[in-house]
Amino acid sequence: MTAIEKLKSAFVTALEISEQEVNDSLSYSEHPAWDSTAHMILIAQLEADFDVMIDIDDIIDMSSFNQAKATLLKYDENLSFE
Amino acid sequence: MTNVHSAKMFTGFGIELTPLTLNDIEQVRQWRNHPDITKYMVDQSYINTEQQQQWFHLLSNRDDQQYLMISYKQQHIGVIYGKSLTSEPLLIAETIELGLYLDPESKYRNSILAFSPSLVFIHYLFHCCQCRKLLAHVLPHNQSAIRYNTQLGYEITGTDESGMVIMELNQANFDQAKMKLAKILRF
């Protein structure tokens, strides 16, 4: 599974939405499924799937699909979400 | 009657909980009247400034309720409150109902930080007071609150006569849920 597939899969699992809804415009203020519980599940999923431990400030700031990409790249510069 | 909690401040998981002051109540009123908050309240009526001041005056003379302002990085982000269901002082009440609402415009509202105030306040109620059970009545369409409460260890125990979902939390379930959430809320 590629990094982008893993990332999309984490969002699908956490937000319980279809893969078609996971795109660059997905953000916490734009989708009703993005609540505090979804955010918690998302972080747990990303930490497990990408084997990272994300700083709490980065966790709290992770409020969009694009932000998630940027955050994960910060922890592993070899990742590619192309 | 004196509010026994009036000088108490709670901290943990990155946030601070401080007793509500007169200076806070207009901000709280605006949050409370916001449609995103009101739609999940049992009482959905508009609250004017006079009603808010009257409510605060009554609150300051009660020890069976506690309203706390939630702050994160010196910014007010919401309110959490506990009410004794037996009119006993909160310190000795065995059954307490908890409520929470966050600034509807805040970016923290839908983040994991929303768990912090509940973790801090519930820990206090179970471990420093005599609370044995927390109770929540949630509107059935408020799935977000049901999911939120479930993450805190609450269990659905039924529905009341008006169709509200009844959820209950005991200390053992809370302590277990807290351990899980603390693995991510690493402050």
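The structure is a predicted model. In chain B, α4(B) passes α6(B) in a left-handed crossing. Chain A has four helices and zero strands, whereas the secondary structure of chain B comes to six helices and eight strands. The two chains touch: 13 residues of chain A are in contact with 17 residues of chain B.

**Chain A as a whole**

- Along the sequence, the elements of chain A follow the pattern α-α-α-α.
- A compact globule of 82 residues would have a radius of gyration near 12 Å, and the 11 Å of chain A agrees with this.
- The C-alpha trace of chain A spans about 30 × 25 × 20 Å along its principal axes.
- Of the 82 residues in chain A, 30% count as buried.
- Contacts in chain A can also be sorted by how far apart the partners lie in sequence; among those between residues at least 6 apart, 53% join residues at least 24 apart.

**Chain B as a whole**

- Read from the N terminus on, the elements of chain B run β-β-α-α-α-β-β-β-α-β-α-β-β-α.
- Chain B has a radius of gyration of 16 Å, close to the 16 Å that the globule rule gives for 187 residues, so chain B is as compact as a globular protein of that length.
- Along its principal axes, the C-alpha trace of chain B spans about 40 × 35 × 35 Å.
- In chain B, 34% of the 187 residues count as buried.
- Of the contacts in chain B with a separation of 6 or more, 59% are between residues 24 or more positions apart.

**A helix pair within chain A**

- Two packed helices are described by the angle between their axes and the distance between the axes.
- Helix α1 (residues 3–15) of chain A and α2(A) have axes that come within 8 Å and cross at roughly 150°.
- Angles over 145 degrees count as roughly antiparallel, and α1(A) and α2(A) are therefore roughly antiparallel to each other.
- The crossing of α1(A) and α2(A) is right-handed.
- On the α1(A) side, the contact is made by A:K6, A:A10, A:F11, A:T13, A:A14 and A:L15. Their partners in α2(A) are A:A38, A:I41, A:L42, A:Q45, A:L46 and A:D49.
- By class, the residues of this contact between α1(A) and α2(A) divide into eight nonpolar, two polar and two charged.

**A helix pair within chain B**

- Helix α4 (residues 115–127) and helix α6 (residues 171–182) of chain B pack at an angle of about 145°, and their axes are 11 Å apart.
- From α4(B), the residues B:F115, B:L119, B:I122, B:H123 and B:F126 take part in the contact. They meet B:Q171, B:F174, B:K178 and B:L181 in α6(B).
- The contact of α4(B) with α6(B) has six nonpolar, two polar and one charged residues.

**A buried glycine in chain B**

- B:G78 lies in strand β4 (residues 75–84) of chain B.
- A residue counts as buried if 20 or more other C-beta atoms lie within 10 Å of its own. B:G78 has 25 C-beta neighbours inside 10 Å and therefore counts as buried.
- With its neighbours within four places in sequence left aside, B:G78 is in contact with B:I70, B:L100, B:Y101, B:L102, B:D103 and B:P117.
- B:G78 and B:Y108 are 30 residues apart in sequence, and their C-alpha atoms are 9.7 Å apart in space.

**Where the chains meet**

- The contact between the chains involves 13 residues of chain A and 17 residues of chain B. On the side of chain A that touches chain B, the elements that give two or more residues are α2 (36–49) and α3 (56–61) of chain A.
- The largest share of that side of chain A, six residues, comes from α2(A).
- By class, the side of chain A that touches chain B has eight nonpolar, four polar and one charged residues.
- The axes of α2(A) and helix α5 (residues 143–151) of chain B come within 8 Å and cross at roughly 50°. The two helices α2(A) and α5(B) are therefore oblique to each other.
- In this pair, A:S36, A:T37 and A:M40 in α2(A) meet B:R147, B:Y148 and B:Q151 in α5(B).
- The contact of α2(A) with α5(B) has two nonpolar, three polar and one charged residues.

Technical notes
Residues numbered from 1 in each chain as written. Chains lettered and ligands numbered in written order. Predicted model: local features only at pLDDT ≥ 70, side-chain atom pairs only at ≥ 80, totals over all residues. Contact = placed C-beta atoms within 7 Å. Nonpolar A, V, L, I, M, F, W, Y, C, P; charged D, E, K, R; others polar. Axes fitted to C-alpha atoms, helices over the stretch in contact; angles between N-to-C directions. Left-handed = near helix turned anticlockwise from the far one by under 90°. Parallel < 35°, antiparallel > 145°, perpendicular 65-115°, else oblique. Rg over C-alpha atoms; globule rule 2.2 N^0.38 Å. Buried ≥ 20, exposed ≤ 12 C-beta atoms within 10 Å, placed from the backbone.
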